[in-house]
Amino acid sequence: MRKLGVAIVGAGPYGLSLAAFLKSSDIDHCVFGPAMSFWQDNMPPGTKLKSDGQSSDLPAPGSGFPISRYQIETTGSFVVTQPITVEEFHAYGTRFRDRMVSHADPQTVATIRRDGNGFSLTLEDGEEVGARAVVVAVGVRSFTYLPRHLAALPADCITHSVEHGPVAALAGKRVAVVGSGASAIDVAAALHEAGADTRIITRRESVAFHHPPSHRRPLRHRIRRPDTGIGGGWDLWFYVNFPALFHALPEAVRLRVVETTLGPAPGWFMRDRIEGKVPILSGMTTMAVSADDGVVTFALKDRHGAAHRIEVDHVVAATGFRPDVARIAMLDPALASAIRTCGTAPALSRKFETSVPGLYMIGPVAAPSFGPVMRFVFGAGTTTPVLGRHLARRFPRAASTTVPLGPPAAAYGQAGE
């Protein structure tokens with residue numbers, strides 16, 4: 001059996017960043033999973049990140065490998081206000097892995113269970129791997145949320161927005177996108193441009209597009225509303241800079257803040273792809289929704305009380321995510337049941353440890369414990385250095401039997417594919 005000091009499950013921004021910090025401390029580790037697969041598989045091609053370039057770095061020790069360096073190497077320039085496409089972000093993350101991570105395995109982890117004082121992981125090919133500690137960094141893909149009235153629709157009539165990379169299969173169909181956030185607008189634009197008869201249904205009065213970034217704001221404006229990597233305002237400044245203090249707040253307060261902070265807001269650059277092209281039914285309350293013979297019918301009421309009836313062939317629910325320990329399928333049931341929760345998310349210590357010693361969780365699943373910043377790549381900057389130092393103290397290097405990161409072309413494809 002391969003034995004590790006630390007197994008990192010998930011090779012997205014948080015997992016790769018933590019692996020870079022463990023490498024710098026010479027900690028025996030391996031990060032499991034295909035690198036940055038969410039950005040390759042679960043967003044329509046051409047989608048752009050809302051965060052600007054300097055807020056999309058994968059943290060690493062020292063000078064690291066910021067996305068600005070990647071862009072300068074590949075294009076010769078870096079413009080901080082220029083939106084980054086998911087294809088470029090995936091390529092950047094893959095290059096980061098190749099440069100900054102010493103041990104990686106592209107296989108997914110099928111099962112995690114306790115084994116004595118440590119853990120045993122079963123990989124997709126059946127291999128067993130032992131680890132003294134496990135860090136779960138699985139992102140949001142497992143936590144899709146559907147409101148009850150949409151969850152009751154037949155499975156062939158509805159998909160969640162996270163299920164859509166390419167949308168060509170829905171070309172020519174009548175599609176309703178439910179929601180008004182970035183995912184809803186990104187998918188709706190992609191559907192319209194692919195030839196689907198698309199409309200957006202939202203209970204909000206309007207779509208709150210982001211404002212274009214400005215790096216020349218007057219000082220008085222910056223004092224009243226300081227900029228952060230996730231938006232502007234003193235509340236966000238607190239969440240970004242003091243996640244440990246947020247952790248000390250009462251649980252009910254933390255849950256309320258995470259639920260209500262930073263509502264749906266698509267990128268400013270999406271306005272031209274939506275307005276005047278995709279109908280937006282705003283201020284709508286869904287009174288009933290039903291499916292019959294492949295046709296989904298919405299009975300809606302607008303803010304003036306007028307009734308509307310909409311018939312479509314398919315529904316895309318851009319209705320967000322809710323972290324839930326019970327939905328992390330790789331956790332052995334006995335292990336999952338031993339994890340104390342904050343709402344449905346794990347209740348984490350100040351060092352991101354669950355109530356099961358040696359089992360840690362980072363990324364969006366940590367938001368109820370550490371605040372809204374954890375829902376963003378930017379949150380890795382306040383997570384991975386802290387956890388990296390903690391693991392270096394708690395699990396000093398042991399004899400390594402991990403498999404080093406192989407040549408990119410042999411194991412993963414060329415960087416940037």
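Guide: Glutamate 127 counts as partly exposed because its relative accessibility is 27% (buried is under 20% relative accessible area, exposed over 50%, partly exposed in between, with a 1.4 Å probe and protein chains only). The model is predicted, so local features need pLDDT of at least 70 and side-chain atom pairs pLDDT 80 or more, while totals for chains, interfaces and linings use all residues. Residues are numbered from 1 along each chain as its sequence is written, and side-chain values use heavy atoms, leaving out hydrogens and water.

A salt bridge here is a side-chain nitrogen of Lys or Arg within 4 Å of a carboxyl oxygen of Asp or Glu. The closest N and O atoms of glutamate 127 and arginine 2 are 3.2 Å apart. Glutamate 127 sits in the loop between strand 5 (118-123) and strand 6, and arginine 2 in strand 1, so the pair ties together parts 125 residues apart in sequence. Helices (H or I, at least four residues) and strands (E, at least two) are DSSP runs numbered from the N terminus.

A second pair is arginine 99 with glutamate 73, with closest N and O atoms 2.8 Å apart. Arginine 99 is in helix 4 and glutamate 73 in helix 3 (residues 67-75), so this pair ties together parts 26 residues apart in sequence. Arginine 99 is partly exposed at 38% relative accessibility, and glutamate 73 is partly exposed at 39%.

Aspartate 98 and arginine 97 also form a salt bridge, at 2.7 Å between closest N and O atoms. Salt bridges with shared partners join Arg2, Asp105 and Glu127 into one network.
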